[in-house]
Amino acid sequence: MKEVHPVIISASRRTDLPAFFMQDFLKSWKRGYTLWKNPFNPKQIKKVFFDKTKVVVFWSKYPSGYMRHIKQIDFPHYMLFTLNLYPELEKNLPPFEKRVAIFREVSKTIGSEKVIWRFDPIVLVEGLIDAKEIVRRFAVVAKALEGFTKRVIISFMTPYRRAVSRMKKSGLLYHEPTMDEVEYIAASLSEIADEHGMEVQSCADRFAALGILESMGVKRGACIDKEYILRVFRDVEGIEAVVTLKKDKGQRSLCLCAESVDVGEYGTCKFNCLYCYAI
């Protein structure tokens, strides 16, 4: 069995680990390793050791498990917290008010610099969610999170066939945004974020790759951002190891994230959001 010793652990793009599997992750952390499975080839398994890990990056929409076990988390980490306002697409999530409350709780616990808001993906739905509605909903969330985060990451939905089909079966027709709509949304979200004291950037966005978002004030960035990690975790012993990390080849070509190892398994998140690529 191949062994790997990653500098960064991503927990996780594959599932909402902080919501559902935090206790399992902490047991693995205490043990010193976990097993990684290739979702396309279950026979390909790696033993992932944590002995050289400097930072853990958590991804969640409702990190209730994380907060229940917060006193056991004694390693450097930050939280990528996705907080949208799509009751039509995220029917299994707790109410918006509860998600805002736990976002604020996480921020108060670990600091606003270590909780990054993701408004992701931006989804347009025929006859229901147009560009102006996206801007309105973003403004509602931004107002609720003012003072509790310093950065927001956005990206437009990549219309994967399975996700679009899943939406259609629920009576929701995906709308591919026009360039005018993309520019309007990007410029509006940039302005709103600034009004609430947040910097805004994109990650793995197809329109950002064309330079459209940057021209509207949204810089091209990464969720697992080397510069951010080196700045925020500068006092962590050995953090300079992050400098040598390259672009993560295991992610989509447009993704600028630094290399990491994702733990967790696809198909295990119970939120089952209609636009999700991981189910």
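Q: How do you know that β1 and β4 are paired, and in which sense do they run?
A: In this predicted model, 3 bridges join β1 to strand β4 (residues 41–49), and pairing takes at least two bridges, so the two count as partners. They run parallel. One spot to look at is Lys 2, which stands opposite Lys 46 in β4.

Q: What makes β1 and β3 edge strands?
A: The order of this open sheet of 3 strands is β1-β4-β3, and its pairing is mixed. β1 (2–4) and β3 (33–38) each have a single partner strand, so one side of each has no neighbour in the sheet. From one strand to the next, the twist averages 35 degrees.

Q: What is the strand order of the open sheet of 8 strands, and which strands stand at its edges?
A: Reading across, you get β10-β9-β8-β7-β6-β5-β2-β11, with parallel pairing. The edges belong to β10 (219–221) and β11 (261–262): each has a single partner strand, so one side of each is left without a neighbour in the sheet.

Q: How do you know that β5 and β6 pair?
A: Count the bridges: strand β5 (residues 55–60) and β6 share 5 of them, in the parallel sense. The requirement is at least two, so this is a pair. Within it, Trp 59 stands opposite Leu 80 in β6.

Q: Why is the link from β6 to β7 called right-handed?
A: The chain goes from β6 through helix α4 (residues 96–110) to β7, as a β-α-β crossover. Right-handed means that, with the strands pointing away from you, the path from the first strand over the helix to the second runs clockwise. This crossover is right-handed, so that is the turn to look for.

Q: What makes up the β-α-β unit that ends in β8?
A: β7, helix α5 (residues 131–145) and β8 form it, and it is right-handed. Its two strands are joined by 4 bridges, with β8 covering residues 151–156 and running parallel to β7. Here Arg 118 stands opposite Ile 153 in β8.

Q: Why is β6 called mostly covered?
A: For strand β6 (residues 77–82), 6 of its 6 residues are buried. Buried means under 20% relative accessible area, so each of those 6 falls below that cut-off. Both faces are covered: His 77, Met 79 and Phe 81 lie on one side, with Tyr 78, Leu 80 and Thr 82 on the other.

Q: What makes β7 largely enclosed by the rest of the structure?
A: It comes down to burial: 8 of the 8 residues of β7 are buried, so the strand is largely enclosed.

Q: Why is Thr 15 called buried?
A: Its relative accessible area is 6%, and the cut-off is under 20%, so Thr 15 counts as buried. You'll find Thr 15 in the loop between β2 (8–11) and α1 (17–20).

Q: What makes the link between the side chains of Thr 15 and Thr 268 a polar contact?
A: The distance is 2.9 Å, and the limit for a pair of N or O atoms is within 3.5 Å. The side chain of Thr 15 also reaches the backbone nitrogen of Cys 269 at 3.3 Å. Beyond its neighbours within four places in sequence, Thr 15 has contacts including Phe 21, Trp 59 and Glu 265.

Methods. Residues are numbered from 1 along each chain as its sequence is written. This is a predicted model: local features need pLDDT of at least 70, side-chain atom pairs count only at pLDDT 80 or more; totals for chains, interfaces and linings use all residues. Side-chain values use heavy atoms; hydrogens and water are left out. Axes are lines fitted to C-alpha atoms, for helices over the stretch in contact, and angles run from 0 to 180 degrees between N-to-C directions. Buried means under 20% relative accessible area, exposed over 50%, partly exposed in between (1.4 Å probe, protein chains only). A polar contact is a pair of N or O atoms within 3.5 Å; within protein, one must be able to donate a hydrogen and the other to accept it, and residues adjacent in sequence count only if both atoms are side-chain atoms. Contact means heavy atoms within 4.5 Å.
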